[in-house]
Amino acid sequence: MRNTSDLNRQRKFREVRQKSIPVISLGVTDQCNLSCFMCGIAKKYENTNRKRQADRLPLEYCREFAEHHFAKAQIVNSNCYGELFLYPRLKAYLQLLKQYRPARYTTTTTSGSLRVPEKLWRDVLESHDEILFSIDSIDRTIHRIIRGFDYAIADKNIRTVQRLAATDYPKFKHGCSVVLMKLTIATLFDTLKASHEEYGCRLFHFQHIADTPAQSLATEKQWRVLFNDVLLKCREYMKRHGITSNGDIGLYRDAAGNLES
């Protein structure tokens with residue numbers, strides 16, 4: 001919803017008939033400081049000033065929406081498009097999230113590319129139950145090719161959250177996510193292992209690539225076979241260490257239903 005056209009619009013929320021809403025994903029902003037080649041939102045803003053044109057939900061709209069719907073939600077994803085830390089009224093929005101909690105948990109995702117002070121991280125941890133860092137690869141060179149910034153910034157942010165969770169917010173969960181593609185599959189297991197052993201992550205999520213066919217693992221058998229081998233290894237490691245994920249990603253199978261190998 002565009003902030004430019006809806007700031008002054010009277011908003012009326014229809015009564016939600018369900019007593020429980022499984023997931024609410026609220027896209028408060030699609031502004032981002034990165035231009036990752038596989039990101040559909042980044043492609044939307046090609047040849048434009050993304051900072052100027054980005055969609056942002058007005059805070060009052062978010063407040064009204066939260067009052068009407070968050071209590072019925074099991075899970076709230078507080079920002080599902082751009083970079084949360086670029087939302088103009090972030091501190092007020094975090095207070096809103098803290099006030100209107102869903103039944104189970106509030107989650108969000110960040111690239112970890114901005115230098116976030118510890119005080120602001122505390123506000124995030126107090127208003128959320130978990131956060132995912134989109135790192136894609138523990139290999140610094142691969143990470144820079146994909147994300148375009150120094151991995152050391154993400155490393156510092158993750159370690160700050162790790163320390164705060166260990167000392168002051170013991171129920172808070174943090175994790176990493178990886179976009180599954182040709183560039184990341186070879187380092188996928190090492191990234192998973194480092195996220196757990198270096199950063200203490202208890203979450204690890206996988207995302208299939210959608211907007212960059214040249215990086216798809218599905219196009220050639222050699223990549224599908226490699227994916228199967230690596231994912232099976234990751235599954236075993238996650239089961240052994242109690243690391244949770246975002247459901248069953250699935251393995252590549254042939255026409256007879258057998259694993260491709």
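## Salt bridges in a predicted model

The side chains of Glu 118 and Arg 122 form a salt bridge, with N to O at 3.3 Å. The model is predicted, and it holds 13 salt bridges.

**Exercise 1.** Find which parts the salt bridge of Arg 147 and Asp 136 ties together, and decide whether each residue is buried or exposed.

Solution. 
- Step 1. The closest N and O atoms of the pair are 2.7 Å apart.
- Step 2. Arg 147 belongs to helix H7 (residues 140–147), while Asp 136 is in the loop between strand E4 (130–134) and H7. The pair therefore ties together parts eleven residues apart in sequence.
- Step 3. Buried means under 20%. Arg 147 has 12% relative accessibility, so Arg 147 is buried. Asp 136 has 1%, so Asp 136 is buried.

**Exercise 2.** Do the analysis for Arg 235 and Asp 248.

Solution. 
- Step 1. Their side chains meet in a salt bridge at 2.6 Å, N to O.
- Step 2. Arg 235 lies in helix H11 (residues 221–241), and Asp 248 in the segment after H11. So the bridge ties together parts 13 residues apart in sequence.
- Step 3. Arg 235 is partly exposed at 32%. Asp 248 is exposed at 67%.

**Exercise 3.** Name the residues that shared partners join into one network with Glu 118.

Solution. Salt bridges link Glu 118 with Arg 122, Arg 163 and Asp 168 in one network.

Notes:
Residues numbered from 1 in each chain as written. Predicted model: local features only at pLDDT ≥ 70, side-chain atom pairs only at ≥ 80, totals over all residues. Heavy atoms only, no water. Salt bridge = Lys/Arg side-chain N within 4 Å of Asp/Glu carboxyl O. Helix = DSSP H or I, 4+ residues; strand = E, 2+ residues; numbered from the N terminus. Buried < 20%, exposed > 50% of the residue type's maximum accessible area, 1.4 Å probe, protein only.
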